[in-house]
Structures are given as C-alpha cells and as structure tokens.
Amino acid sequence: MSSAQSDPGVRVVASGPNPAGYRGFSLGEFRFWRDDYFVYVDWPTGSHVASADAFLKALQRDVAWEFFYGIVNFDGVIGTVNHYGTVDLFAGRYNDAWRKAELDHVQNFPTPLIRATFAQMLDDWTNAGFDPFASPDETGSAFGPKHGANTAAVTRRRVTAARMVGLGGDEPLRSDATGHRVNRQFADVAQDEPLVQPQPGFGDRVHAFNLFAYLSRSDVTWNPSVVSVCKDSLYCPTTEEYILPIIHGNDRVEWFVQLSDTIYWEVEDRDSGAVRSRVTMHPGDVAAMPADIRHQGYAPKRAMLLVWENADSALPGLISSGQLPTNPIDF
Ligand code: PHB
Ligand code: FE
C-alpha cells in the first residue's frame, strides 16, 4: 500500500488527535473527522454525518481496490469516481435532491494523494479488534474513543492472480497451514483438489483447483479477488455476508454468477439513485448488471459469488460515448 513515505510527491494534510483521540484530515476542500460513533465530512456547500463502522468498511474497500471500477458510493451522498490515474471525490453528485438544490460538490485528485490520505485515515480511525473486511458476526466494535490499531487488517494484500491461483509463482492456494481455516458457515464444503496430470513439459500450463474449497477459506467479505485471468477477462469470486458496504456505480457491464446461498441486490439508476429493480439470486443464477446502474447486495448467510469483470480500459469511454450499449445482451 502506498503511503506518504512511499509517494515522495504526496503530502497528506492531517491534524493532531482530537479529544476522542482521532486525527482529522483535509483533502482539497473536503474535511474529515470522527468521534466515538460518527464520521463527519464537510465541503464548501454542505456537510454529512455517517456511522463510523459503515464509513470505515466503505473506506477499506475503496483503498484496497484502488478505487475499483467506476463509482464507489460510500452511501447516498459521499463517494469516489475512478478515472484511472485521477479520482473524483464527490458529495451529493449522484443524489437527485442534492443535485437539484445545487449543493453537490466534486473535486478531482491525483490517485496517489487521495490514496495516501484515505489509507492514513483508515489506519488512524480503525481501532484494535475491528476488521472492516470481516462480517459483523466475526469482528469487534468500530466504536468508542481511539484505542489501538489494526494495521495488519487494514493493509491486507489483495489477492490478484497473474494467471491463476495455485500456479507456480502465482497466488498460493489457501490451507490451514497458510492461516486460512474453513469458515464456520462453509464447514460442509468438500476440500478435495482435482487430480491434474499434465504431459511432460506442460506442468506450468495445465492447472485446476477447487474454487469452492478456496472460497470456503476466505477470511473476508465483499472483497472480490482475482483468481484467474484470460486477457481482459477476470474471474473475481468473493464470499459475502451481511451488506455490501458500498453502493457500486458501474462504468461497464459486470456479470454475477451465484455459486452458493442467496444474495438480494438493490439496483438503482447510477446517476439519480432512482430504484430500477430488485434481483434475488439463488445458486446457479446468472445476472448481467448494466453499465448505467448502481447496486448493493444483501447476503443473509455467507454466500459465494463469482463477479466476472472485463478489465478492457477502453470500455468506459466506449459506453459513455454511446458506441457500446449499457447492456450486454438483448432478448
Ligand atoms: C460489485 O460492486 O459488483 C461488487 C463488489 C463487491 C463484491 C461483490 C460485488 O463483493
Ligand atoms: Fe458492481
């Protein structure tokens, strides 16, 4: 992870600790601070209050995913837009009421500056015992005056395979020995691995692994990791429990394949937030999420989801200029 130290041109603007023990941060015209329960944000035309746990869970993902694809809404007001090199920080920009009142605000930053500011905020504001990536039932409280830190959790390395998990030199498989125990809700998932018998000379090119076993050992929720890559086609499976801590605004189509259990998706217009649909996904269901929506998932029980991303960097421009449709298929 980048920090002020590893980005020599970057200067994070932070205050000393407030009475609750937390530092305040400034990024352009935005200011951020927190107390025992809440995070406060203000900008020249407005202000916002968010619950500290929800804010930290969203911030954790924005930092770990390098601002992800398109828009990461922390909630209905605050969020970021990834321009892949620079990032917009916005307030009220994708909220009809704020827009109509002309109180929304956007400021663009070089990615290293907003990344370093968010990373320091996340580290300073995450107390000992709270892991923003864990399910609510598997972590402690985010609240109270500042006590300790959880730097190991908030700087966790994201799994991004170059070819496929388990290949020589690539991301390793998970096991008890690597510290990845089978999750309490996946105790029934078989742990056997496929028998792979490549011809001599093909050992580095023929490969398979048990994806269900791999996912059963994930210690995080709502955190797609890249397990296989074929040119721009990325398989990004993830295990989900409780609520996706961001509302993701797409800049391209995403495909979802439900691998186990159930997820409910609230799907809204990306720009206004108007409700578009509710999608219930059961095992085996496949959905294509259009490029002009935003969505948030709800998983009542830990669920396995395959998110299939197309990393072609030309896609956002082709879609926003109308050269490609916002949906991948017409029936
Ligand atoms: C998404 O926005 O598509 C998304 C993000 C995180 C997940 C799953 C889906 O864990
Ligand atoms: Fe998405």
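A cavity is a set of grid points where a 1.4 Å probe fits but cannot get out. In this predicted model, ligand 1 sits in the largest cavity. Strand β17 gives the most, with three residues.

There are 15 residues around ligand 1. Those that come nearest are W222, E240, H248, E254 and H295. Polar contacts to ligand 1 were then examined. An oxygen atom of ligand 1 lies 2.6 Å from an N or O atom in the side chain of E240. For the side chain of E254, the separation between such an atom and an oxygen atom of ligand 1 is 2.9 Å. H295 also takes part: a polar atom of its side chain is 3.2 Å from an oxygen atom of ligand 1. The cover over the ligand is complete. Taken alone, ligand 1 exposes 270 Å². The protein buries 100% of that area.

The metal site comes next. The iron ion (ligand 2) has three protein donors: H248 through ND1, E254 through OE and H295 through NE2. These donors lie 2.0 to 2.1 Å from the iron ion. Along the chain, the donors follow the spacing H-x5-E-x40-H. H248 belongs to strand β12 (residues 247–249), whereas H295 belongs to strand β17 (residues 293–310). The two histidines are 47 residues apart in sequence, so the pair ties together separate parts of the chain. H248, E254 and H295 are also among the residues that come nearest to ligand 1.

H248 has a relative accessibility of 2%, so H248 counts as buried, the cut-off being under 20%. H295 also has a relative accessibility of 2%, and therefore counts as buried. Strand β12 holds G249 as well. At 0% relative accessibility, G249 is buried too. The C-alpha atoms of G249 and A58 are separated by 14 Å. Along the chain, G249 and A58 are 191 residues apart.

Another position, S272, was examined in a loop. S272 lies between β14 (263–269) and β15 (275–281). Its relative accessible area is 22%, so S272 is partly exposed. The C-alpha atoms of S272 and G144 are separated by 35 Å. These two residues are 128 residues apart along the chain.

Backbone angles were considered last. Most residues other than glycine have a negative phi. Y84 is not a glycine, yet its phi is positive, at about 55°. Y84 sits in the loop between β7 (78–82) and β8 (86–91). With a relative accessible area of 43%, Y84 is partly exposed. E102 also has a positive phi, near 55°. The loop that holds E102 runs between α2 (96–100) and β9 (105–110). E102 has a relative accessibility of 65% and therefore counts as exposed, for which the cut-off is over 50%.

Terms used. Residues are numbered from 1 along each chain as its sequence is written. Chains are lettered from A and ligands numbered from 1 in the order in which they are written. This is a predicted model: local features need pLDDT of at least 70, side-chain atom pairs count only at pLDDT 80 or more; totals for chains, interfaces and linings use all residues. Side-chain values use heavy atoms; hydrogens and water are left out. Donors are N, O and S atoms within 2.8 Å of the metal (3.2 Å for Na, K and Ca); water is not among the atoms, so sites may look incomplete. Helices (H or I, at least four residues) and strands (E, at least two) are DSSP runs, numbered from the N terminus. Buried means under 20% relative accessible area, exposed over 50%, partly exposed in between (1.4 Å probe, protein chains only). A residue is near a molecule or strand if one of its heavy atoms lies within 4 Å of it. A polar contact is a pair of N or O atoms within 3.5 Å; within protein, one must be able to donate a hydrogen and the other to accept it, and residues adjacent in sequence count only if both atoms are side-chain atoms. Accessible areas come from the Shrake-Rupley method with a 1.4 Å probe; for residues, only the protein chains shown count as cover. On a 1 Å grid over the protein atoms alone, a cavity is a set of points where a 1.4 Å probe fits but cannot get out, and a pocket is an open set with protein on both sides within 12 Å along at least five of seven lines; lining residues have an atom within 4 Å of a point. A molecule sits in a cavity or pocket if more than half of its atoms lie within 2 Å of its grid points.
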